[in-house]
Amino acid sequence: MSVRRRRDRDGLNPFDTDGVLSLQETDASIFGSIAEVDAGRQVARPISIFEIRPDPSQPRRAVPSPIRPYWDGSPDTVGELFSHWYGFAIQERGEEFALEPFLLAQDEAARPERVGPIEASFMDVVELAANIRSNGLAHPIAVARASDGFRLETGERRWLAFHLLYISFAGERKQWERIPARLVE
């Protein structure tokens, strides 16, 4: 049977445009309309790292418990936190080590074979800071409004990494003073 007879038999006319969806209608039926896609979108906006305070009641904490007594939780004293944390990491390692090669993401930065838990948590923040400096921040943090600014909901290590970059790279401070954040209820 020829193609023509089959079309005639099925009653289909390839040139008939009745009931055929437009490209826009086809796209919307497959992927949904643009309005629906944009309806759930949340926009991150830059907020000063000094307006954000971590929530002390949250169980997940980037700062190890032996270091927490040396920090009052204020964004203005994060530099002191890093000083103590670094000191504990040196003590745990048993020798001094330079942070700059790690922050600059240099491959030749010497790493010990065994790393203790305090140094490991500290280096997690250092390596995250180096990654953010090289590649940018992939995921914004989440904050909620508080009486004294904002309360950190998610992203404590990212927030600490921005502080470390702010402290470590004086010439780039303007770039690291504000972190992309989503406002949540």
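Phe 82, Trp 85, Tyr 86, Phe 88, Ala 89, Glu 92 and Arg 93 of helix H4 are in contact with Pro 117, Ile 118, Glu 119, Ser 121, Phe 122 and Val 125 of helix H6, where contact means heavy atoms within 4.5 Å. The residues of this contact divide into nine nonpolar, one polar and three charged, with Ala, Val, Leu, Ile, Met, Phe, Trp, Tyr, Cys and Pro counted as nonpolar, Asp, Glu, Lys and Arg as charged, and the others, Gly among them, as polar. The model is a predicted one, in which local features need pLDDT of at least 70 and side-chain atom pairs count only at pLDDT 80 or more, while totals for chains, interfaces and linings use all residues. Residues are numbered from 1 along each chain as its sequence is written, and side-chain values use heavy atoms, with hydrogens and water left out.

The axes of H4 (residues 78–93) and H6 (residues 117–135) come within 8 Å and cross at roughly 130 degrees, the axes being lines fitted to C-alpha atoms, for helices over the stretch in contact, and the angles running from 0 to 180 degrees between N-to-C directions. That makes H4 oblique to H6, given that angles under 35 degrees count as roughly parallel, over 145 as roughly antiparallel, 65 to 115 as roughly perpendicular and the rest as oblique. Helices (H or I, at least four residues) and strands (E, at least two) are DSSP runs, numbered from the N terminus.

Turning to the sheet, five strands form an open arrangement in the order S1-S5-S3-S4-S2, with mixed pairing; two strands pair if DSSP finds at least two bridges between them. Strand S1 (45–48) and strand S2 (52–54) stand at the edges, each with a single partner strand, so one side of each is left without a neighbour in the sheet. The twist averages 55 degrees from one strand to the next. Helix H7 (residues 156–168) packs on the sheet and touches S2, strand S3 (141–146), strand S4 (149–154) and S5, its direction making about 155 degrees with that of S5.

Two of the pairings are set out here.

| Strands | Sense | Bridges |
|---|---|---|
| S1 and S5 (residues 178–183) | antiparallel | four bridges |
| S3 and S5 | parallel | three bridges |

In S5, Ile 179 is the bridge partner of Ile 47, Ala 181 is that of Arg 45, and Arg 182 has Ala 142 standing opposite.
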